[in-house]
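Please look at the sequence and the 3D structure below before reading on.

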Amino acid sequence: MRKPRIDVVASLVVLMMSVLAMAVLWVPLAHAQGKDRAVPFQIVETSIDDIHAAFKSGKLTARRLVQGYLDRINAYDKQGPTINSVITINPNALEEADKLDATYKRAGPVGPLHGIPVLVKDEIDTAGMPTTLGTLVFKDYRPPRDAFAIEKLRKAGAIILGKTTLSEFAAGDTYGSMFGVTRNPYDLERTVGGSSGGSGAALAANFATVTIGEETVASIRRPGAWNAVVSLRPTPGLVSRSGMWDGYPTLHAQMGPMARTVRDLAKLLDGMVGYDPEDPVTALGVGKVEGSYVRFLDRRGLKGARIGILRESIGNNSDPASQDFRTVDAAFAKNVAELKAAGAVLVDPIVIPNLKALLAKRAPDPNAADAALKLYLARNPNSPFKTREDYVNSPDMEKSFPPPNVTRWKTPPAPFNPARYADYLQAREELMIGIAKVMADNKLDAIVHKSVEHQPTLIKEGVNPPYTSTRGVPTWNTFLVHAASMTVPSGFDADNLPVGITFFGLPYSEPMLLKLAYAYEQATHHRVPPKTTPALPRATAETLPSQRPR
């Protein structure tokens, strides 16, 4: 297991040496296609539209694109700054790209995501690759089938490039015995968040065009904010969870798209939604949206939109008296001003009755979790595990990382408490009605709040006492279960660390959230790539002035 390395100076020295070496050994990407002519293509911050335009013009092939991302992963994820966000590379990625290129020449694109490389959080099954859950316990777990959403993406033409890091068993910041720690591309001494931290970091560092995450508590939105990318925890029912750890019949866990732009996120969401008999919850999503989510994007979407500003601190273990809370709060004040400048009508602040008291009543359902585990493992006839006890008793469990995880995973879950769970259900209903009433009374299109109320935690504080994790993140969307919540980059705080704002809405309000988030993105253009993972020498065009690395 790789231990965290906090010496940033040493990391940057290694990075410079790596870059110099690649400058000497550089070969045009086109050489992989034999007679293809080398044509500059900007892989850093490229979009789905850019890629498809380059395919059409002949400037790019799927193989060259995949090779470009593999080169970046080799240079920056495994060397140099060692972001360490990718656990497994698809050994067939280049072969799959070749097949797509051949099809393109013969008949055109196979679907709306033709040739688009996707990295997937390593709790979601992708045939041909292990699903490790970030732990050595599952290092050899090889599911024979794709998750439903992954199968849909492949049919749309996507290339599954590999699997990304996550906290062990998708719970907490991104540390695990399978890989060690994942470093934030904007500050190598800090965490990427979790549990979808690898998907956030890989996206920020331009190791793929788009990525897939999953959120049970705050696992998509926190890495989104701390890695300056767009992320969506969709309303349950839109995207299937079959073939995903902790899926049906649990309520809170939900797969979701992550991208560098709102437009790319909408396109990725298009490829993921759909009814799946293996996940009956998806029946609720049938008919919610017809056609592509891209059609809801509107540069002027904030003009006249009514936005409620939630200023009350509701983050997990937040400390409003701390300096880093105040730093993030100051950045949020600027973001609110940006919303107003873009034409939004603000109701500032809004007050949700009994918000904190209701959120405190959250309670688990271990019976649903156990049922979900059995359904997940049953999809793999060759699974070495059939029950929780099977994997908990693995010798590799002793290697769990950080060390407190050993006791955490071995301790049996508390028995189901019907009275406590009934209180939670009542609180959930009360909160949902309370939010809906506030939105109705104020004619709100959405609510905006800080995606995370604290700065990214230092890695040394996460892997050593006090083992800080998941600090400062609002979790009310997953408390409610059926809600839509989307994070978009909102700049950098006074310490040059990424921040994000969340657009929150009632169930199946994704079209409105996409409209508002797109308008905010286009008005501010806050997304900037990190300095630690620049364009490789001569392999791509120079970074555009509007995309200055941070």
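The questions and answers below go through a sheet and the helices around the sheet.

This is a predicted model, in which local features need pLDDT of at least 70, side-chain atom pairs count only at pLDDT 80 or more, and totals for chains, interfaces and linings use all residues. Residues are numbered from 1 along each chain as its sequence is written, and side-chain values use heavy atoms, with hydrogens and water left out.

Q: Which residue stands opposite Val347 in strand 12?
A: Strand 12 is joined by three bridges to strand 11 (residues 306–309), and the two run parallel. The residue opposite Val347 is Gly308.

Q: Is strand 10 enclosed or open, and why?
A: Buried means under 20% relative accessible area, exposed over 50% and partly exposed in between, with a 1.4 Å probe and protein chains only. On one side of strand 10, Gln254, Gly256 and Met258 are buried, and on the other Met255, Pro257 and Ala259 are buried. Because six of the six residues of strand 10 (residues 254–259) are buried, the strand is largely enclosed.

Q: What is the bridge partner of Glu215 in strand 10?
A: Strand 8 (residues 210–215) pairs with strand 10 in the antiparallel sense over six bridges. The partner of Glu215 is Gln254.

Q: What is the bridge partner of Val230 in strand 10?
A: Strand 9 (residues 230–233) runs antiparallel to strand 10, with two bridges joining them. The partner of Val230 is Ala259.

Q: At what angle do helix 3 and helix 4 pack?
A: Axes are lines fitted to C-alpha atoms, for helices over the stretch in contact, and angles run from 0 to 180 degrees between N-to-C directions. Angles under 35 degrees count as roughly parallel, over 145 as roughly antiparallel, 65 to 115 as roughly perpendicular and the rest as oblique; helix 3 and helix 4 are therefore roughly antiparallel. Their axes are 7 Å apart. The angle between helix 3 and helix 4 (residues 93–107) is about 155°.

Q: Which residues of helix 4 make the contact with helix 3?
A: Contact means heavy atoms within 4.5 Å. Helix 3 contributes Ala62, Arg63, Val66, Gln67 and Leu70. From helix 4 come Ala93, Leu94, Ala97, Asp98 and Asp101.

Q: Which helix do the buried residues of helix 5 pack against?
A: The buried residues of helix 5 (residues 148–155) are Phe148, Ala149, Ile150 and Leu153. They pack against strand 2, strand 3, strand 8 and strand 10, and also against helix 8 (262–272).

Q: How many of the 11 residues of helix 8 are buried?
A: The buried residues include Val262, Asp264, Leu265 and Lys267. Helix 8 is largely enclosed by the rest of the structure, because the number buried is nine.

Q: Which residue just after helix 8 takes a positive phi?
A: The phi in question is about 150°. The residue is Gly274.

How values were computed: Helix = DSSP H or I, 4+ residues; strand = E, 2+ residues; numbered from the N terminus. Pairing = 2+ DSSP bridges.
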